[in-house]
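Colleague: Please take a close look at one part of this model for me. I would like the charged contacts and the strands around them, in one connected account.

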Amino acid sequence: MIAENIASIRARMDEAARRAGRDPKEILLCAATKMNDAARVREAVAAGVDCCGENRVQELVQKSAAHAYDGAPVHFIGHLQTNKVKQVVGKVELIQSVDRLPLLQCIEKEAARQGVVQDILLEVNVGGEESKSGFTPEQTPLIAAEMDAFPHCRLRGLMAIPPVSKNSGDNRRFFAEIQRIAVDIIAKKQHNIRMDILSMGMTDDFEDAIACGSTMVRVGTAIFGARNYGGTPDATGLPK
Ligand SMILES: *Cc1c(COP(=O)(O)O)cnc(C)c1O
């Protein structure tokens with residue numbers, strides 16, 4: 001099931017890329033693995049996702065120990081508390097969800113302590129939603145301009161989760177705005193920046209995101225099926 005789902009997502013990604021006149025190889029598929037156990041994650045890795053994205057530190061630690069991600073890089077894509085930064089820095093290829101300055105400062109400090117350079121994305125709250133974290137579209141270029149002050153972090157791009165939309169296509173303007181912000185940052189040729197990743201698009205809108213320049217889609221439901229929030233979790237806490 002998981003392998004078939006991934007094959008069909010790949011076909012849709014390729015088609016969306018071709019429609020946009022883009023090379024399908026430019027666009028990576030990140031499996032959003034939250035609430036799916038190590039065995040299911042291993043299946044996704046075996047089926048050839050480009051990377052895995054984990055939301056919670058506890059799941060990251062447990063599934064890493066269970067070798068869930070062996071064969072694919074793992075990224076952190078959830079809200080990261082500063083007191084858990086130690087468990088993430090140096091352990092993931094990319095922290096996609098740097099959503100506030102104190103977190104960036106904390107990652108810098110921990111990366112310096114470990115003597116590593118941590119690749120990061122800035123998360124942009126492109127819909128200006130109260131309920132979501134992230135830098136505003138106005139703050140984002142200002143933070144990018146300060147990356148010299150964070151020599152143990154390398155800015156690789158932007159990540160965004162636009163508002164839940166009613167109609168397909170509604171989010172295109174948000175994706176287009178993210179692309180515009182990234183293009184503006186790149187044009188300034190600042191230090192310590194290699195902006196080559198635009199992480200945007202999920203199960204419901206990844207084709208629109210690809211049309212607007214996404215280089216990485218983060219897909220959960222279309223790979224693993226619906227997640228069972230609420231409900232009575234079974235021993236694994238995973239959907240049946
Ligand atoms: C869960 C999640 C996704 C995937 O969402 P789906 O709609 O299930 O594809 C992508 N990005 C982030 C940050 C997530 O938490």
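**Salt bridges and the strands beside them**

Modeller: Start with K63 and E54, whose side chains meet in a salt bridge at 3.2 Å, N to O. The model is predicted. Both K63 and E54 are buried. For K63 the relative accessibility is 6%, so K63 counts as buried.

K63 has another partner. The side chains of K63 and E59 form a salt bridge at 2.7 Å, N to O. Both residues belong to helix α3, residues 57-65. K63 and E59 sit four residues apart there, so about one helical turn separates them. E59 has a relative accessible area of 13%. The cut-off for buried is under 20%, and E59 is therefore buried.

Now go back to E54. Strand β2 covers residues 51-54. Three bridges join β2 to strand β1, and the two run parallel. Between the strands comes helix α2, residues 38-46. Together, β1, α2 and β2 make a right-handed β-α-β unit.

β1 also pairs with strand β8, residues 216-219. That pairing is parallel too, over four bridges. Here L29 has V217 as its bridge partner in β8. How many of the five residues of β1 are buried? Four of them are, so β1 (residues 28-32) is largely enclosed by the rest of the structure.

Next, helix α4, residues 101-114. E110 and R113 both lie in α4, three residues apart, about one turn of the helix. Their side chains meet in a salt bridge at 2.8 Å, N to O. Are E110 and R113 buried or exposed? E110 has a relative accessible area of 5%, so E110 is buried. R113 has 59% relative accessibility and therefore counts as exposed. Salt bridges can also share partners, and in this way D119, R154, R156, R194 and D196 are joined into one network.

The general point is simple. Side chains of opposite charge can pair when their charged atoms come close. With a cut-off of 4 Å between nitrogen and carboxyl oxygen, the count for this model comes to 16 salt bridges.

Then follow β2 to β1, and β1 to β8. Finish at E110 and R113 in α4.

Terms used:
Residues are numbered from 1 along each chain as its sequence is written. This is a predicted model: local features need pLDDT of at least 70, side-chain atom pairs count only at pLDDT 80 or more; totals for chains, interfaces and linings use all residues. Side-chain values use heavy atoms; hydrogens and water are left out. Buried means under 20% relative accessible area, exposed over 50%, partly exposed in between (1.4 Å probe, protein chains only). Two strands pair if DSSP finds at least two bridges between them. A crossover is right-handed if, with the strands pointing away from the viewer, the path from the first strand over the helix to the second runs clockwise.
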